[in-house]
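Open the model in a viewer and follow the stops below in order. Each stop names a selection and says what is there.

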Amino acid sequence: MATAPVSDRPAEQESDERARLLPGRPARVRRPAAEHRRVLHLSDAALIDRIREGDERAFEQLYDRHAAALYAYCMRMLHSRDDAEDAVQQVLLNAFKSLTHDTTAIELRPWLFRIAHNHCVSVWRRRHEVATDDVDAVSAAEDPEHSFETRRVALDALHDLSFLPEQQRTALLLASIQKLPHEEIAQILGCPTAKVKSLVFRASRALAERRLARETSCAEIRRRLGVLKGGSLRQNVVRWHLAECEGCRDYREQIKRSASSSEPLAAPSP
């Protein structure tokens, strides 16, 4: 799991950024090196104890240790830098409040990701659609043709992710991007560990099928529409291609009209 890099920026600039990301908390002040080292190598469990004792430096170390991974997860869930920053801010504020008011034993990393997961789900439900305007898929210095293709593939992947069921999407992102073990993912999702493997497999298969549906030509889809019957028409590749292609949906309607009348069916376009 990635950790937040140690900043080389001046203390004043870092203090301003911390105050921006976590409003309501006092800005960070320069601490003696010995005090910094005292919390730097503490375990998460020890950090929790120190935070509950009122040690602000311990919470700053929690931020340094987990904020980057939380941001990466929220960014991949929300596809917006602003929303991801707001999410991390809210997650850490909620964590700080909870840790200072509740002495329940917790596993810190799964607990933080569970808070992040619940927040992102709430944002998704309010938004009702995926925001992709802020996706920075390629560098401006790359070849324009290659850059366009790379960005198109990235946006297609984000679009496909939005159609996955909530648990599948989250399990896939946590397993493939954050590299969390299935035991931790199960704690975040609140499901049996054995179910996580199934969720990741089904999500990966669905993404592969959606990609295949997008890459299958309209001529091939229309050929299948002409020969497939009944339940065969519910093949995922056909179904998802139709969901994205108005021309093939129109052709399917022509088939239906032709079957109920003597109207001849036009040959599918090559």
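**Stop one: a salt bridge within a helix**

Select Lys256 and Glu253: the two form a salt bridge, with their closest N and O atoms 3.6 Å apart. A salt bridge here is a side-chain nitrogen of Lys or Arg within 4 Å of a carboxyl oxygen of Asp or Glu. Both residues lie in helix α13 (residues 246–259), three residues apart, about one turn of the helix. Lys256 is partly exposed, with a relative accessible area of 47%, and Glu253 is partly exposed at 33%. Salt bridges that share partners also join Asp160, Arg210, Arg214 and Glu244 into one network.

This is a predicted model, in which local features need pLDDT of at least 70 and side-chain atom pairs count only at pLDDT 80 or more, while totals for chains, interfaces and linings use all residues. Residues are numbered from 1 along each chain as its sequence is written, and side-chain values use heavy atoms, leaving out hydrogens and water. Buried means under 20% relative accessible area, exposed over 50%, and partly exposed in between (1.4 Å probe, protein chains only). Helices (H or I, at least four residues) and strands (E, at least two) are DSSP runs, numbered from the N terminus.

Next select Arg210 and Asp160, whose side chains meet in a salt bridge (3.4 Å, N to O). This pair links distant parts of the chain, 50 residues apart: Arg210 is in helix α10 (residues 193–215) and Asp160 in helix α7 (residues 144–161). Both are buried.

**Stop three: helix α4**

Of the 23 residues of α4, 19 are buried, so the helix is largely enclosed by the rest of the structure.

Within α4, Glu60 and Arg57 are three residues apart, and their side chains meet in a salt bridge (3.6 Å, N to O). Glu60 and Arg57 are both buried.

Then select Leu62. Leaving aside residues up to four places away in sequence, its contacts (heavy atoms within 4.5 Å) include Leu47, Leu92 and Leu112.

**Stop four: after the helix**

Which residue follows α4? Select His79: His79 follows α4 and has a positive phi, near 60 degrees. His79 sits in the loop between α4 and α5 (81–101), and at 2% relative accessibility it counts as buried.
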